[in-house]
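Dear colleague,

Please find below the structure that I am handing over to you.

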Amino acid sequence: MSKTRKLPVTDVIGILLVIVALVSAGGLCYVASEYTKIADTLVSAEAEISSFRIVQNNATGEVFINVMVTLNNPSSLDIEIYRVEYQTYVDRDTSTITSFDRYIGSGSTNDNNGTVQGGIVREVPVSHVIMSDTLYKDRLEYALDGDDKLYAYTGGMLWFRLPDYPDVESKIAFGFFGEVFVRYV
Amino acid sequence: MSEMFSSSRIKLLIWSLSAGTIVAFFYVTNSLSSYTSFNPGASLFLISPIMCGLILGIVTADQEAVNAVIGTIMMMITATILVAVTLLSPFILGVVIDPTGAVVFVDLTKEIMLTIITVLPLSLLGSVFGRMFAENTIMASTFKVERQVLRSDTDEWYKMLEEKLEEKRAALEKMEEERRKRDLLNIEEPSEFQEQK
């Protein structure tokens, strides 16, 4: 008789425990799906240099290095680019191109790079200027070796965050190496 | 076989799995707080095993004490498995091909070790308190009286058994002594018989 009085109390608590567990299981599924979506975005986002140009102004002697970084976001979440940075090295040939005495400068851009929506490709222009009569201009002249052709290496990073999850940040490396022709204007 | 799948054991299994799921949910939301819009707070990370252990202790109050311990162990195993599965969900769902790729975002080993280390002692502590609480408040007074009567009956039965054993032992000793005396008489008898012959 006493057992019939006691059991329902523990059973009711047990049933409530099971109900809370079912809600928690739903929560776990939700967290797992969100985490997977974010992981997909972080893994699938790609950055590459779509265009690399060296332009010299004959009138002023200034050299403009224009780099176009393309970000491909195939995931369903938006990406906000908040910094792009690169370093450029030039040389006559490829043997010592990454040594520090071939460095001719770096370019960067901080905010206002916009948000790249899911499934969209976006280009970010970054550039820097080499003034005439500088060490970097001399290195560029050395690499040109009297003609309009040189070998260039550019490596950089693109930092981004997810607007929907402000604490999640990541970065993607990009690079370019090849023969470049200098344009004179 | 039927004893193995008794209703109390099935209940214990369901309650342990449920408690483990609840604990895993709070652990995962705490470790993936940056990755979810829902964050119940870091304090629940430690409170949840104690609370679930407490409830497990209450619901297993009518069972043997060892069941509460088994329940907390099953709860820890369930929580650990669910935490691991959730943290490896990008790999399980095929988003990340390399399993170490998923570990880049969250330290999987650390999270699993943390779950094992914290869940078992905290839930065990909670279940002890839950059991104590249930025995003092939830369990019906008639049940307590019944248990007291049963305990005194058992004590009495043990006393009776002891007395019976004492009596039996005394009787056996007495019988042994009589047998020894008879044996002595039997040994003497044949020698007399030979002399007569």
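In these notes, rings of Phe, Tyr and Trp (for Trp its six-membered ring) pair if their centres lie within 6.5 Å, and planes under 30 degrees apart count as stacked, over 60 as edge-to-face and the rest as tilted. This is a predicted model, in which local features need pLDDT of at least 70 and side-chain atom pairs count only at pLDDT 80 or more, while totals for chains, interfaces and linings use all residues. Residues are numbered from 1 along each chain as its sequence is written, chains are lettered from A and ligands numbered from 1 in the order in which they are written, and side-chain values use heavy atoms, with hydrogens and water left out.

Aromatic contacts

One aromatic cluster is formed by A:Tyr89, A:Phe100, A:Tyr103, A:Tyr136 and A:Tyr153. Over all chains, the search of the whole structure finds eight aromatic pairs. The rings of A:Tyr89 and A:Tyr153 are tilted, because their planes stand at 40° with the centres 6.0 Å apart. This pair links distant parts of the chain, 64 residues apart, with A:Tyr89 in strand E3 (residues 79-91) and A:Tyr153 in strand E7 (residues 149-162) of chain A; strands are DSSP runs of E of at least two residues and helices runs of H or I of at least four, numbered from the N terminus. A:Tyr89 is buried at 10% relative accessible area, whereas A:Tyr153 is partly exposed at 29%, where buried means under 20%, exposed over 50% and partly exposed in between (1.4 Å probe, protein chains only).

Charged pairs

In one of them, A:Asp91 and A:Arg102 meet at 2.9 Å, N to O. A:Asp91 lies in strand E3 and A:Arg102 in the loop between E3 and strand E4 (103-109) of chain A, so the pair ties together parts that are eleven residues apart in sequence. A:Asp91 is buried, with 2% relative accessibility, and A:Arg102 is buried too, with 16%.

In chain B, the side chains of B:Glu176 and B:Arg179 form a salt bridge (2.9 Å, N to O), and both residues lie in helix H7 (residues 141-196), three residues apart, about one turn of the helix. B:Glu176 is partly exposed at 32%, and B:Arg179 is partly exposed at 38%.

Key. A salt bridge is a side-chain nitrogen of Lys or Arg within 4 Å of a carboxyl oxygen of Asp or Glu.
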